[in-house]
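Dear colleague,

Please find below the sequence and structure that I am handing over to you. My notes on what was found follow directly after.

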Amino acid sequence: MAVAAIGAYADPLTGTFELRNAAIEHDDHSYLLSAQVQLPVDDSVRDALKQGLPLRLELEVEVSRPRRFWPDATLATATEQYELTYHAVTDRFRVDKGSDGASAAPANGDATTYSDLDSALAALGKIDRLPIVEQAAVDDARRYNVNVRATVSVGDLPATLKLLMFWREDWKRSTEWYAWPLSQ
Amino acid sequence: MAPEPIDKPAATEPPVIESLAGEPPIDETPAVDPVAGLFGVGLKRRIAMVVQTLRRWGAYALIGVAALLWLIGLFALTRTADNSTEFSHYHPWILLFNAVLLVGLLAVLTYKITQLVREYRKHQPGSRLKARTLMLFGLLVIGPLLMVYFSALYFLNRGIDSWFHVEVRQGLSDAMEVSRSSLNLRMSEYLERTEDLAAAFTREPNVSRMARLDHERRLTGASELTIFGQHGRVIATSAELLSADAPTQPSDEIMLQIRQGQPYASLDVLPGGGYVIRTAAPLSPEGPGSEPRTLVAIYPVPERIAQLTDTVQRAYTQYGEMTYLREPLKITFGLLLTLVLLLSLLAAVYGAFFSAQNLVRPIQDLVAGTRAVAKGDFNTRLPLTTRDEMGFLVHSFNDMTRRLSRAREETTRVQQAVENERANLAAVLAGVSTGVISLEADRRIRVANRAAGTILGADLEAGAGQTLAEAAAGQPLVEQFIQAVELYLDAGQTQWREQITLQASSGRRVLMCACTTLLGEDEQPGGYVIVFDDITTLLQAQRDAAWGEVARRLAHEIKNPLTPIQLSAERMRRRFRGRVEGEDEQVLDRATNTIVQQVEAMKQMVNAFSEYARAPDMKIVRFDLNQLVTEVSDLYRAQDPRVAIRLELDARMPEIEADRGRVRQIFNNLFTNSLEALEGQENGAIDVESKLEESQGTRLAEIIVSDNGPGFQRDLLGQVFDPYVTSKPKGTGLGLAIVKKIVEEHGGRIEADNRPAGGARVRILLPVSEAGRAATAPRAERSRSEARRERA
C-alpha cells in the first residue's frame with residue numbers, strides 16, 4: 001500500500017529550484033533583498049494546484065556575523081510565507097504574500113489574482129525589496145553575511161500527518177542556504 | 001526464584017525455589033556469632049519477607065504506572081487522529097512516547113519470552129503450565145484484537161474511499177459548474193451594461209462626465225465606475241463609498257485585452273473576502289490621435305451568492321486536498337491504528353504473562369517444595385502470597401511440612417533414646433559378671449555378653465546369629481551347657497532356675513542358671529533370656545569359709561587339751577617306769593610313746609589347720625620371682641636327686657610385689673606335692689615355667705608347675721583345692737588348699753588340671769604389681785577385709 005502510494009505520488013517537486021538575481025540594496029532605514037525564486041513546478045504540481053491544494057513558499061532569511069573559533073552570531077532572522085492557491089469558481093490563481101510570517105491566512109494581506117498559472121508563479125517567486133535588517137543594527141566596521149533559504153511545499157497536511165509522513169519527502173523541498181556578503 | 005524475575009525470588013526464604021530463586025537454606029547460620037545464632041534466622045527471614053513484600057508492591061506500582069502511561073499514550077494518539085490543534089504541539093512527543101512505550105514493551109516481552117523458552121527447555125517446573133496459560137491468554141486476546149484491527153482498518157479504508165465516490169465528485173463538479181455559470185451569466189450581464197455605458201459615453205462625448213458617471217453608477221448598480229486614460233490616468237471616477245483611495249488601477253491583463261479591442265470581465269476575490277465583478281470596455285477615441293480611454297466598472301456580487309460561492313469553493317478545495325491525501329491518509333490512519341493495535345497487543349500479552357506468572361508461581365513453589373520434601377528437607381516453607389484456594393494449598397503444604405519435620409524430630413529423638421538405652425544395656429551387660437544369652441524363638445543366639453563367653457570359655461559375642469549347635473561346636477563347656485539348657489527348654493518351661501554342673505578340664509564348674517521365656521505373638525515363645533552365674537568360686541568360698549571356721553575351732557578346741565594329754569602321758573610314763581617291770585613296762589612305754597607321738601601328730605595337724613585358717617598378714621616386698629623359683633627348686637633338687645627339675649623362666653619377668661615368704665610357701669607346697677606324687681617313679685620330672693602375661697591392661701606373672709606323675713584323679717579334679725581332699729595315702733590334704741588361699745590373697749588365680757600326656761599341672765597367675773592386684777582381685781580384697789573384721 002505504501003509502495004503504491006509512493007509510486008503514485010512520485011516526486012512532484014522535481015525540477016530546478018533556486019534563487020536567481022539576488023540583490024541587496026538599502027534605503028534610508030533597512031537593507032532590502034530582491035530576488036526571483038525559480039520554483040520547481042511540473043504538471044503534477046499543477047494538477048495538485050488545480051485540485052485546490054495550496055503551494056507554499058517559505059523564505060528564511062538570516063543575517064549573521066561570522067566569528068572565528070566560534071559559531072556565527074545571528075543578527076536578525078526573518079521568515080516569509082507566500083501562498084499560491086487556485087480559486088476554482090473564478091478559475092483564477094491567487095497569490096497571497098502576507099508579510100505577516102507567522103500566520104499566512106489567505107484572507108488578509110495583499111492578494112492578487114491571476115488568470116494564468118505562470119504569471120501567478122512568477123508573482124509568487126518574486127521577492128521585491130524585502131526588508132531584512134535595519135540599518136541601525138548593522139555595525140559598519142564589521143562584515144555580515146546574508147543567508148537565504150527557500151522551502152516549497154504542496155498541500156496543507158495536518159501536523160500529525162506531516163510527522164507520520166516522514167517517509168514521504170516529496171511534498172516538501174528546500175534549497176540549500178544561499179549566502180551573500182552584506183554590502184554596505 | 002523468577003525472577004529474577006519478580007520471583008525470585010525470592011531469595012532468602014527457606015530453600016523454596018530457588019530458584020527458582022535459588023534461595024539458600026536458612027539453617028546455614030554461622031555458629032560464631034551468638035547473636036546471629038539466637039536471632040539470626042528469625043531476623044533474616046523477616047527481612048527477607050519485608051523485602052519480598054516491597055518488591056511485590058513495587059512491581060504492582062510499576063505495572064500500574066505502565067498501564068496508566070499506556071492509556072494516556074493511547075488517548076493522546078486517538079486525539080491526534082482528529083486534527084485538533086490543541087494537541088498539535090505535542091504530537092511529536094506523543095508519537096515518540098508511544099514509540100518508546102512500544103519498544104519498551106517489546107524489549108520486556110522479548111526478554112520474558114526468551115526466559116520462558118529457556119525454562120521450557122530446561123523442563124523447569126511450572127514452565128509448561130506457564131507457556132500453556134500464556135498461549136491460551138494470548139490467543140484469547142490476540143484473536144479479538146486482530147479481528148477488531150482488521151475490521152477497523154477495512155472500515156477506515158472503506159470510509160475514506162467512500163468520500164471519493166463518483167457521485168460526490170460529479171456533484172461537486174456540477175455545483176462548481178452551476179455557480180460558475182450563474183456568475184458568468186451575471187458577468188456577461190454586467191459586461192453588457194458596461195458596454196452599453198461605454199457606447200453611451202461614446203455617443204455623447206460632451207456630457208458632464210462626473211455627474212453622468214454617478215448617475216449611471218446608481219443606475220447600473222456598480223460599486224465603482226472609472227474612466228482611465230493612458231497609463232492608468234484617471235479621467236473620471238465614481239465610487240459607492242467615498243474613500244480617499246484612488247480607484248484600483250486596471251491590471252495589465254485588462255489593459256492587454258482592451259488594447260486588443262475586447263471587452264473584459266472577470267470575477268475577483270477581494271482581499272477581505274467577498275467577490276466583485278470587474279468589467280472593462282474601451283471607449284471610442286474622441287478623435288484621431290486622442291488618448292485611448294477605458295471604462296472600468298466594478299459590480300458587487302450579492303452577499304448570498306458570495307457565500308454560496310465560497311461554500312462551493314471551500315468544498316472543492318477540501319475535496320481536492322482529500323483526493324490528494326487519499327492514500328497518505330489511509331496509510332497514516334493505518335499506521336496509527338497499527339500502533340494502537342501493537343500497543344494493546346503487547347500490553348495484553350504482557351498482561352497474559354503477568355497473570356500466568358502470578359498463577360504459576362505458587363504452583364512452581366509447590367513443585368519445588370514437594371521436590372525438596374521428597375529429598376528429605378522438611379524445613380521447606382513456601383511463601384504465602386494469596387488468600388485464595390492456592391493460598392490455602394500453600395498453607396496446607398506448610399502445615400504438612402511442619403508436621404513432617406516435627407514427626408521426624410520426634411522419631412529421631414525416640415531413636416536416639418532407644419539407641420542410648422541399648423548402649424546403656426550393652427554397657428551393663430558387658431559390665432556384669434553374670435552371663436546373659438538371649439535366644440530367638442528358633443534358639444539362635446541373639447545377644448550374648450562377654451561374661452557369658454568368659455564363663456563358658458568361648459567367644460559367644462561373635463556367635464550372634466548362630467544356632468546353639470553351631471556355637472557349641474568344639475566348645476565342650478558350651479556343649480554341656482546347651483545340653484542342660486535344652487533339656488529345660490524342650491520341657492516347655494517358661495521360667496526356671498536351676499544349678500548346672502559342668503565338667504571342665506580345669507575342674508568342675510557350677511552355674512546358677514535362670515531362664516525366662518519372652519512371649520511373642522499368639523502366646524508363642526518369642527525368645528529366651530538365659531542368665532547364669534559361675535558360682536563355683538562362690539561355693540568354694542563358702543566351703544573355704546566353713547573350713548576356716550572348722551580349722552579355727554579345731555585349733556581352739558583340740559589343741560588346748562592336747563598339751564595336758566601329752567604332759568599327762570609323759571608324767572605317767574615317768575611315774576610308773578620304775579614301778580612296773582617286764583612286759584608291763586614295755587606296754588607302758590609303748591602306750592605312752594604312742595600317745596605322745598599321736599598327740600604330736602595331732603598338734604602338727606592342728607597347726608596346719610591353724611596355718612590354713614590363719615588370717616592373712618602379708619608383708620609385701622619387691623623381689624625377683626625367677627630367683628625365688630630357682631632357690632626353691634635347688635633346695636628340692638638336693639632333697640631328691642632322682643627327680644629332674646627343669647626350669648623354663650621368662651627373662652622379661654620383672655620384680656613382682658608380693659609376700660615373699662608366702663610365695664615361697666606356694667612353691668614349697670607344689671614341689672612337695674609333685675615329689676610325693678613322683679615317689680617311686682622312674683624318670684620323674686617337674687617342669688616349672690614362668691611367663692609374663694598381659695591381660696586387660698594389667699601384667700600378670702604366669703607360673704606353671706607340672707609333673708609327669710599319675711596326675712589328679714578325674715573325679716576329684718573339681719575339688720583338689722578343698723581341704724582334706726587328697727589321693728595320697730598320707731598328707732593332710734591342705735597343701736593345695738593353702739596354695740590356693742595364698743594365690744587368692746595375692747589377687748591371683750589358680751587352675752589345676754591334668755596334662756594331656758599325663759601328670760598334674762597347676763597354673764598360677766599372679767599380678768605383678770600391687771595396683772594390678774587391686775584391679776584384678778576384688779574378691780581377694782574382700783576376703784582379706786572380712787578376715788580383718790573377724791580378727792577384730
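In this predicted model, helix H15 of chain B, residues 660-677, packs against helix H16 of chain B, residues 735-745, at an angle of about 150°, and their axes are 9 Å apart. An angle over 145 degrees counts as roughly antiparallel, and H15(B) and H16(B) are therefore roughly antiparallel to each other. Their crossing is left-handed. On the H15(B) side the contact is made by B:Arg662, B:Gln665, B:Ile666, B:Asn669, B:Leu670, B:Thr672 and B:Asn673. H16(B) contributes B:Gly735, B:Leu736, B:Ile738, B:Val739, B:Ile742 and B:Val743. By type, the residues of this contact comprise seven nonpolar, five polar and one charged.

The residues of the contact between H3(B) and H7(B) divide into 26 nonpolar, seven polar and three charged.

Turning to the strands, E14 of chain B (residues 685-695) and E15 of chain B (residues 698-707) run antiparallel and are joined by ten bridges. Within this pairing, B:Ile686 has B:Asp707 of E15(B) as its bridge partner. E14(B) and E15(B) form a hairpin with two residues between them, and B:Gln696 in the turn has a positive phi of about 50°. E15(B) also pairs with strand E17 of chain B (residues 760-767), in the antiparallel sense and over seven bridges. There, B:Ile703 stands opposite B:Ile764 of E17(B).

One residue deserves a separate note. B:Gly435 lies in strand E6 of chain B, residues 435-440. B:Gly435 counts as buried because it has 24 C-beta neighbours inside 10 Å, the cut-off being 20 or more. Leaving aside residues up to four places away in sequence, B:Gly435 touches B:Asn449, B:Ala451, B:Ala452, B:Ile455, B:Leu456 and B:Phe532. B:Gly435 and B:Asp533 are 98 residues apart in sequence, yet 6.0 Å apart in space, C-alpha to C-alpha.

For the chain as a whole, the secondary structure of chain B comes to 18 helices and 17 strands. Of its 792 residues, 28% count as buried.

Yours sincerely

Technical notes:
Residues numbered from 1 in each chain as written. Chains lettered and ligands numbered in written order. Predicted model: local features only at pLDDT ≥ 70, side-chain atom pairs only at ≥ 80, totals over all residues. Axes fitted to C-alpha atoms, helices over the stretch in contact; angles between N-to-C directions. Helix = DSSP H or I, 4+ residues; strand = E, 2+ residues; numbered from the N terminus. Parallel < 35°, antiparallel > 145°, perpendicular 65-115°, else oblique. Left-handed = near helix turned anticlockwise from the far one by under 90°. Contact = placed C-beta atoms within 7 Å. Nonpolar A, V, L, I, M, F, W, Y, C, P; charged D, E, K, R; others polar. Buried ≥ 20, exposed ≤ 12 C-beta atoms within 10 Å, placed from the backbone. Pairing = 2+ DSSP bridges.
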